Amino acid sequence: MSVCLHRDQIELRELPASVEGCEECLRTGGEWLHLRICLTCGQVGCCDSSPNRHATAHYHQSNHPLIRSLEPGEDWSWCYADEVGLLLREVTGVTAIPPSPLGG
């Protein structure tokens, strides 16, 4: 059974009320499918089904291991380092997101 050994790196415990989209895609004119938020620094990136996979790129650049889905109705998180999905009850809130430019 896999476990996450990185829960002590959670800095973001309350999700933002809203976000504008994937931060890097907004800067570069890219498009995203689904949004994820880093639970260490709060950076919003796009999922691995998006063309640029900015959430995973952020992990490789920062070594911040935990993300959470910002998609409506989803409350799962993922630890890149331990390659395990989890539910983190200590992270609360709901984030309003814009529609995906890719229509997902």
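Colleague: Gly-73 first. Is this residue buried or exposed?
Modeller: Exposed, with a relative accessible area of 85%. Bear in mind that this is a predicted model.

Colleague: Why does Gly-73 count as exposed?
Modeller: Because its relative accessible area is 85%, and exposed means over 50%.

Colleague: Where does Gly-73 lie?
Modeller: In the loop between β3 and β4. Those two strands form a hairpin with 6 residues between them, and Gly-73 in the turn has a positive phi of about 80°.

Colleague: What separation do you get between the C-alpha atoms of Gly-73 and Pro-51?
Modeller: They are separated by 23 Å, and the two residues are 22 apart along the chain.

Colleague: Take β4 and β5. How many bridges there?
Modeller: The count is 4, again in the antiparallel sense, with β4 at residues 76-79. Trp-78 stands opposite Gly-85 in β5, and Ser-77 stands opposite Leu-86. These strands also make a hairpin, with 4 residues between them; Glu-83 in the turn has a positive phi of about 50°.

Colleague: Which residues are on the covered face of β4?
Modeller: Ser-77 and Cys-79 are on the covered face, while Trp-76 and Trp-78 are on the uncovered one. In a regular strand the side chains alternate between the two faces of the sheet.

Colleague: And β1, what is the state of its faces?
Modeller: Both are covered. Leu-35 and Ile-37 are buried on one side, and Arg-36 and Cys-38 are buried on the other.

Colleague: What stands opposite Ile-37 in β3?
Modeller: Arg-68. The pairing of β1 with β3 is antiparallel, with 3 bridges. On the β2 side, the bridge partner of Ile-37 is Val-44.

Colleague: How do β1 and β2 pair?
Modeller: In the antiparallel sense, over 3 bridges. They form a hairpin with 5 residues between them, and Gly-42 in the turn has a positive phi of about 85°.

Colleague: Which residues of α2 are buried?
Modeller: His-54, Ala-55, Thr-56, His-58 and Tyr-59. The buried residues of α2 pack against α1 (23-28), β1 and β2.

Colleague: Why does His-54 count as buried?
Modeller: Because its relative accessibility is 15%, and buried means under 20%.

Colleague: What is His-54 in contact with, leaving aside neighbours within four places in sequence?
Modeller: Cys-22, Glu-24, Cys-25, Gly-45 and Cys-46.

Colleague: Now voids. How many cavities of 30 Å³ or more does a search of the whole structure find?
Modeller: The search finds 1. About 50 Å³ of space lies in the largest cavity.

Colleague: Which residues line the largest cavity?
Modeller: Arg-36, Ile-37, Cys-38, Gln-43, Val-44, Gly-45, His-54, Ala-55, His-58 and Ile-67. β1, β2 and α2 each supply at least two residues of that lining.

Colleague: How does the lining split by class?
Modeller: The lining of the largest cavity has 5 nonpolar, 4 polar and 1 charged residues.

Colleague: Where do His-54 and Ile-37 come into that, to tie things up?
Modeller: Both are among the lining residues of the largest cavity.

Notes:
Residues numbered from 1 in each chain as written. Predicted model: local features only at pLDDT ≥ 70, side-chain atom pairs only at ≥ 80, totals over all residues. Heavy atoms only, no water. Pairing = 2+ DSSP bridges. 1 Å grid on protein atoms, 1.4 Å probe; cavity = no way out; pocket = protein on both sides within 12 Å on 5 of 7 lines; lining within 4 Å. Points joined across faces, edges and corners; volume = space filled by probe spheres on them. Nonpolar A, V, L, I, M, F, W, Y, C, P; charged D, E, K, R; others polar. Buried < 20%, exposed > 50% of the residue type's maximum accessible area, 1.4 Å probe, protein only. Contact = heavy atoms within 4.5 Å.
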